[in-house]
Amino acid sequence: MKAKRMFYLQGFYRTDIKILKELGYTVLLSNSLFDFLRYRKYGNSFLYFYKYSLFAAIISKIFGKKVIFTGGIDYLDKDYAGNINYYIQKIFFILSSAIANKIIIVSDADMQNIKRFKKNLPVSKYFLSYHTIEFEKYKNIDIDKKEKILSTIVWMGNKENVLRKGIDKALKLYKNIYKFDNQYRMIIIGPIGEGTKLVKNIIQYEKLDGLIVFTGGISEKEKIEILKKSRIYAQLSIYEGFGIAAIEALASGNIVVHTGKGGLKYGIGNNGILVNIEDKYEDVAKKILNIISDREKYFDIIAKGVDYISKKFTYEKRLKDFIDIFEKM
């Protein structure tokens with residue numbers, strides 16, 4: 001992360017920080033290897049993403065510290081990453097695993113990808129604990145007060161992430177929804193960055209100028225307010241290691257339109273609307289609007305989605321997992 005404030009803007013970081021503090025730890029945030037040289041200031045290293053954090057792990061081990069790795073591992077999906085990126089990530093993961101005291105896998109998709117090349121995972125070292133949301137914040141949804149909004153969340157720090165998140169396809173979907181009902185608007189939530197220019201170019205190409213709202217970086221409270229107001233959430237990603245934003249949208253009573261790629265398959269389950277990236281967006285738009293127009297069907301799909309999240313991805317579940325993991329340190 002270029003700025004430490006991002007640890008509080010990105011939901012899964014913020015949740016883990018809160019859990020670690022609840023377990024009694026003082027949490028020092030770092031985006032620099034030099035921090036790990038200050039060995040007197042810390043006792044454990046809690047690291048994300050099994051890549052550059054490997055070097056922080058090596059430094060920590062030299063000073064006798066315990067190392068915990070977690071976070072999604074997108075590039076262990078060969079279809080998404082391609083051969084070169086896949087093998088680089090595989091090497092980083094194997095080396096990280098060798099150094100780590102504990103590995104916390106965050107999705108079923110990642111676990112399956114790991115088991116393709118690492119068959120035996122000792123249960124004393126490898127744990128499956130899903131990223132979670134603070135579900136209580138997403139409750140008390142009033143479906144009748146929802147507005148004609150299609151929302152999506154994306155970090156626009158680079159072009160690659162914009163394309164991976166399928167924002168180009170989300171804009172095409174919105175264009176077709178707008179064609180059938182011109183009262184709909186689209187809100188893109190997330191920090192502005194290098195990828196924003198690409199998004200604006202697509203907006204201009206699709207002739208959607210003046211119809212798209214960019215929030216920039218906003219607070220958690222503001223994000224939840226938008227998700228609670230919106231009816232449709234688009235997550236048309238090429239790949240998602242976990243898909244926490246889509247889970248938040250489902251918990252907020254949105255019809256989640258998604259590709260089922262990577263973690264989305266398990267994060268959304270049988271809820272929402274599954275589409276192929278190659279689908280005709282006109283047909284998808286019709287399907288969504290037909291569901292919304294049928295009050296009984298609309299209420300049913302929302303209720304099932306909210307119930308699914310409440311049982312599987314709660315803060316309390318990850319807290320319980322962490323208590324178990326850290327007790328075995």
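Biologist: Where does Lys207 lie?
Modeller: Lys207 sits in the loop between helix H8 (196-205) and strand E7 (212-216). Helices (H or I, at least four residues) and strands (E, at least two) are DSSP runs, numbered from the N terminus. This is a predicted model, where local features need pLDDT of at least 70, side-chain atom pairs count only at pLDDT 80 or more, and totals for chains, interfaces and linings use all residues. Residues are numbered from 1 along each chain as its sequence is written, and side-chain values use heavy atoms, leaving out hydrogens and water.

Biologist: Why is Lys207 called exposed?
Modeller: Its relative accessible area is 69%. Exposed means over 50%, buried under 20%, partly exposed in between (1.4 Å probe, protein chains only). Lys207 is therefore exposed.

Biologist: What stands out in the phi of Lys207?
Modeller: Phi is near 60°, a positive value in a residue other than glycine. Most residues other than glycine have a negative phi. Phe49 also has a positive phi, near 85°.

Biologist: What makes Phe49 partly exposed?
Modeller: Its relative accessibility is 30%. Phe49 lies in the loop between strand E1 (44-48) and helix H3 (53-62).

Biologist: How do you know that E1 pairs with E2?
Modeller: Five bridges join E1 to E2, which run parallel. Pairing needs at least two bridges found by DSSP, so E1 and E2 pair.

Biologist: Which strands make up the open sheet, and in what order?
Modeller: The order is E1-E2-E3-E4, with parallel pairing. E1 and E4 are the edge strands, each pairing on one side only. The twist averages 20° from one strand to the next.

Biologist: How many bridges tie E3 (residues 102-105) to E2, and how many to E4?
Modeller: Three join E2 (residues 66-70) to E3. Three join E3 to E4 (residues 126-128). Thr70 stands opposite Ile104, while Ile105 has Leu128 as its partner.

Biologist: What makes E3, helix H5 and E4 a right-handed unit?
Modeller: The test is the view with the strands pointing away: the path from the first strand over the helix to the second must run clockwise. E3, helix H5 (residues 108-115) and E4 form such a right-handed β-α-β unit.

Biologist: Why are both faces of E3 called covered?
Modeller: Lys102 and Ile104 are buried on one side, and Ile103 and Ile105 on the other. Helix H14 lies across E1, E2, E3 and E4, at about 165° to E3.

Biologist: What makes H12 roughly perpendicular to H13?
Modeller: Helices H12 (residues 281-293) and H13 (residues 295-312) pack at about 100°, with axes 5 Å apart. That makes H12 roughly perpendicular to H13: the class spans 65 to 115 degrees, against under 35 for roughly parallel, over 145 for roughly antiparallel, and oblique for the rest. Axes are lines fitted to C-alpha atoms, for helices over the stretch in contact, and angles run from 0 to 180 degrees between N-to-C directions.

Biologist: Why is Thr314 called buried?
Modeller: Its relative accessible area is 12%. That is under 20%, so Thr314 is buried. Thr314 touches (contact means heavy atoms within 4.5 Å) Thr132, Ile133, Phe135 and Ile309, not counting residues up to four places away in sequence.
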